[in-house]
Amino acid sequence: MYTEDTIAAISTPVGEGGIGIIRVSGPASGAIARRIVRHAMNGDLESHRFCYGSVIDPSTGDTVDEVMVVLMRAPRSFTREDVLEIQCHGGYLVTRRVLDAVLACGVRLAEPGEFTLRAFLNGRIDLVQAEAVIDVIRSKTEAALSLAQHQREGRLSERLGTVRDGLRHALALVEAFIDFPEDDVDPAAQAEIEAKSRQALGLIRELLSGFDEGRVLREGVSVLIAGKPNVGKSSLLNTLLQEKRSIVTSVPGTTRDIIEEVVNVKGLPLRMLDTAGIRETEDIVEREGVRLTLEKIPQADLVLFVLDGGRPFDDDDRMLLDALEGKRFIVVVNKSDLVLHLELPASLAGVTQVAISTATGEGIVDLREAVFQAFIHGVAIDSREYVALSQSRHWDALAKAQECIQTFLANLAASQTLELLAVDLKDALHAVGEVTGETTPDDVLDLIFQRFCIGK
Ligand code: GDP
C-alpha cells in the first residue's frame with residue numbers, strides 16, 4: 001500500500017483566498033525546492049524555517065508567483081517524510097500553476113487523504129487519529145469538534161492501548177504455560193489471567209456504552225417538526241434557526257438533494273428534516289394536511305410533535321400521535337401566550353412535554369434542553385476524561401472484541417485447552433487492532449482514506 005515516491009497537491013480549498021498552499025511529501029521534496037524555488041538564502045532551505053522567495057517554471061525559468069516556503073525534513077513532519085509547503089497567492093489558476101511547476105519535476109499528484117495515509121503508515125498517528133483528522137475538518141459544533149480533537153490527540157487510542165496491554169499480558173501468561181506443558185496453570189496465574197481480561201472487557205464495555213452519545217455528537221440527529229397545519233411548525237423552525245448561537249450552517253442534504261439546516265443545541269447538531277418543505281411549500285402542507293408529515297416520520301431520530309395550546313386536541317392530532325408509536329418524540333405545546341384550550345390525552349402522561357410560545361420566545365430554552373436530554377445523558381462532553389466511540393466501524397470491531405473475551409472467559413472457566421484460550425485472546429487482540437489500524441484490511445483502509453479531500 002505504501003510507495004516511497006513523492007506526491008503533491010493543493011491543500012487549500014479551490015477558489016479565491018488569501019493564500020493557497022501546495023503540499024509536497026516524499027524524498028524528492030528537498031530537490032524540488034532546489035529546482036523551482038528561488039530564494040535569498042544560500043544553498044538549501046533550512047528545515048522548519050520559513051523562507052521568502054519565488055517559484056519558477058522549471059521548463060522556462062519564468063516566475064510563477066511570489067511565495068513563502070518551508071521545508072520540513074523527515075521525520076519531523078506531518079507524514080514523517082520530507083515535506084515542502086509552498087504558500088502562494090490564493091487563486092484558482094495561480095495555485096494550479098505552482099502545482100504544475102512541482103509536477104513538472106516528476107512528482108505524482110496525491111490521492112485523496114494520501115498525506116494522512118502516509119502519516120498513518122509511517123506510524124506517526126494510528127487509524128483512529130487519522131479518522132479523527134477528517135472529523136476535525138467536518139465538525140459543525142463545538143462538542144463534535146472537541147470529541148474529534150480528543151480522538152486526534154490520541155485519547156481513545158490511549159484507552160485502547162490499555163485494553164491491548166491487558167489482553168497481551170493475559171496472552172503472554174497463557175502462552176508461557178503452553179511453552180512449558182509440564183507446569184500446570186496454578187491458581188494465582190489463572191486469577192491474574194482472568195483479572196487482566198476482565199479489566200479489558202470492562203474498558204471495552206464502557207466504550208461501547210458511550211457510543212450512542214459519541215455518534216450523535218459526531219453525526220448529529222435528524223429532527224422532524226410535525227403537527228397539523230397552523231400549530232406553529234414554521235414559526236418554531238424559524239425561532240430555532242434565528243437564535244444567533246444556534247445557526248451553524250446549511251449543508252447539502254445527506255440523503256436527498258435538498259438543503260438541510262443544522263441547528264446547534266448545546267453542541268448537539270440537529271439536522272432539521274424537510275425544512276425546505278416547511279418553509280417554502282406551506283400551501284402544499286395545507287392542502288395535503290398531515291399526510292406529508294406522516295411519510296417523513298420514519299426518517300427522524302426525534303420528532304417534535306407540535307400542538308396548538310389554543311385549540312382542543314382533534315382527529316388530526318390523534319392521527320399524528322398514532323403514527324408516533326414507538327418513536328422518540330417530545331410534545332411541544334405551542335402558543336402558551338394564548339388561553340389554554342388543549343387537553344392532552346392521558347396516553348401522553350409519560351412523554352416529555354414542553355410549553356412554548358414562538359411569539360414570545362417562552363419555553364424555547366426548555367425545549368432545547370429537552371432535545372439535548374433526549375440524546376445526551378449527563379456526560380460532561382468537554383471534560384478531559386471524556387472519551388467516546390463515535391464511529392460504527394469502531395463499535396463493530398469492539399463488539400467483536402467483547403464477544404471474544406466473553407468466549408475466552410467461559411472457556412477459561414470450563415478449563416478448555418490452553419491453545420484454545422490463546423486463540424480467543426488473539427482474536428480479541430485482532431479485533432482491537434482493527435480499530436487502531438494494526439490489523440485493518442487494506443480495502444477498509446482504502447475506504448477510510450477515500451473520504452478525505454485531496455491535499456489532506
Ligand atoms: P404551521 O402551519 O404549523 O407551520 O404554523 P405557522 O408557523 O405558519 O403558524 C400558524 C399561525 O400561528 C401563524 O399565524 C402564526 O403567527 C401563529 N403562531 C405561531 N406561533 C404562535 C405563538 O406562539 N403564539 C401565537 N399567539 N400565535 C402563533
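This is a predicted model: local features need pLDDT of at least 70, side-chain atom pairs count only at pLDDT 80 or more; totals for chains, interfaces and linings use all residues.

Residues are numbered from 1 along each chain as its sequence is written, and side-chain values use heavy atoms, with hydrogens and water left out.

The structure holds 4 aromatic pairs (rings of Phe, Tyr and Trp, the last by its six-membered ring, with centres within 6.5 Å; planes under 30 degrees apart are stacked, over 60 edge-to-face, the rest tilted). One of them is Phe211 with Trp395, a tilted pair at 6.1 Å centre to centre and 40 degrees between the planes. This pair links distant parts of the chain, with Phe211 in helix H8 and Trp395 in helix H15, 184 residues apart. Phe211 counts as buried at 9% relative accessibility, while Trp395, at 33%, is partly exposed (buried means under 20% relative accessible area, exposed over 50%, partly exposed in between, with a 1.4 Å probe and protein chains only).

Next come Phe305 and Phe329, an edge-to-face pair with 6.3 Å between centres and 70 degrees between planes. Here Phe305 sits in strand E12 and Phe329 in strand E13, 24 residues apart, and both residues are buried. (Helices, H or I of at least four residues, and strands, E of at least two, are DSSP runs numbered from the N terminus.) Elsewhere, ring pairs join Phe120, Phe449 and Phe452 into a cluster.

Now for the loop between helix H6 and helix H7: Asp186 is found there, partly exposed with a relative accessible area of 34%.
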